[in-house]
Amino acid sequence: MKKIAIIMGSASDKEVAAIAVETLKSLSVPYTVRVLSAHRTPDEATTFAKSLEEDGYGAAITIAGKAAHLGGVIAANTTIPVIGIPVKGSDLGGLDALLSTVQMPPGIPVASMAINGAKNAALFAAEIIALSDDDLKNRIKMERERMRLSVLEADKSIEESLG
Ligand code: RP5
């Protein structure tokens, strides 16, 4: 199975990365986690991005706050799909990172998730890998079924308590 690369711009993004890791683990998707900064370690980030495809990665998740250029830098150096998670910072609430991630110039796409949207980033990356892996596709479908049943259960208990 292809692997997912999870790249965070700083160790301070660890809590967001942990949610992506937990989601990939629950689907038994192999992953690697790195701290690589577009600004502080640009050479290392570029080198890692350039080797993604030959190292067996099928998608990359980038996690960055503030002037979040990490997704763009990784995407500029690989043709595997890049999914960006803008991180909520203390000053602008993550709007800065959201706009930096989503407003890529035509030609180098980054699929931006919501601010701190680590769960959906991991699910989206897993769906990309699942295009060529039916077992993984079934595990994703089972997870959706579990969600459906939990909403039905919530509906039932709300009816009992407030209905
Ligand atoms: C970004 O700047 C990182 O992704 C992080 O979200 C933010 C702040 O980084 P630190 O100053 O906490 O290292 O590059």
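The protein chain has six helices and five strands. Both are DSSP runs numbered from the N terminus: helices are H or I with at least four residues, strands are E with at least two. This is a predicted model, so local features need pLDDT of at least 70, side-chain atom pairs count only at pLDDT 80 or more, and totals for chains, interfaces and linings use all residues. Residues are numbered from 1 along each chain as its sequence is written, and side-chain values use heavy atoms, with hydrogens and water left out.

Start with the order. From the N terminus on, the elements run β-α-β-α-β-α-β-α-β-α-α.

Now the overall dimensions. The C-alpha trace spans about 60 × 40 × 30 Å along its principal axes. Does the radius of gyration agree or disagree with a compact globule? It agrees: a compact globule of 163 residues would have a value near 15 Å, and the protein chain has 17 Å. That radius is taken over C-alpha atoms, and the globule rule is 2.2 Å times the number of residues to the power 0.38.

Next, burial and surface. Buried residues make up 38% of the 163 residues. Buried means under 20% relative accessible area, exposed means over 50%, and partly exposed is in between, with a 1.4 Å probe and protein chains only. The protein chain exposes about 9200 Å², and carbon and sulfur atoms supply 56% of that area. The areas come from the Shrake-Rupley method with a 1.4 Å probe; for residues, only the protein chains shown count as cover.

Contacts, then. Contact means heavy atoms within 4.5 Å. Take the contacts with a separation of 6 or more: residues 24 or more positions apart account for 68% of them.

Charges. There are 17 positive and 20 negative ones, and their mean positions are 2 Å apart. Lys and Arg count as positive, Asp and Glu as negative; His and the chain ends are not counted. Each charge is placed at NZ of Lys, CZ of Arg, CG of Asp or CD of Glu.

On to the sheet. Five strands form an open sheet in the order E2-E1-E3-E4-E5, with parallel pairing. Which strands sit at the edges? Strand E2 (31-35) and strand E5 (111-112) do; each pairs on one side only. Two strands pair if DSSP finds at least two bridges between them. As background, strands of a sheet pair through backbone hydrogen bonds, either parallel or antiparallel.

Two pairings in detail. Strand E1 (residues 3-8) runs parallel to E2, and five bridges join them. Alanine 5 has threonine 32 in E2 as its bridge partner. E3 and E4 also pair in the parallel sense, over six bridges. Here threonine 62 stands opposite glycine 84 in E4.

Stay with strand E4 (residues 82-87). How many of its six residues are buried? Six of the six are. Val82, Gly84 and Pro86 point one way, while Ile83, Ile85 and Val87 point the other way.

Gly84 and Pro86 come up again with threonine 101. Threonine 101 lies in helix H4 (residues 95-102). At 7% relative accessibility, threonine 101 counts as buried. Beyond residues up to four places away in sequence, threonine 101 touches Ala68, Gly84, Pro86, Val110 and Ser112.

Another helix residue: alanine 20, in helix H1 (residues 14-26). Its relative accessibility is 0%, so alanine 20 counts as buried. Leaving aside neighbours within four places in sequence, alanine 20 is in contact with Ile6, Ala118 and Ala122. Alanine 118 is 98 residues away along the chain, yet the two C-alpha atoms are separated by 5.0 Å.

Finally, the loops. Most residues other than glycine have a negative phi, and most peptide bonds are trans. Serine 28 has a positive phi, near 55°. Serine 28 is found in the loop between H1 and E2, and is partly exposed at 48%. Lysine 66 also has a positive phi, near 60°. Lysine 66 lies in the loop between strand E3 (57-65) and helix H3 (70-76), and at 52% is exposed.

One more loop residue: threonine 79, between H3 and E4. Is threonine 79 buried or exposed? Exposed, at 72% relative accessibility. Threonine 79 and proline 109 are 30 residues apart in sequence and 9.4 Å apart in space, C-alpha to C-alpha.
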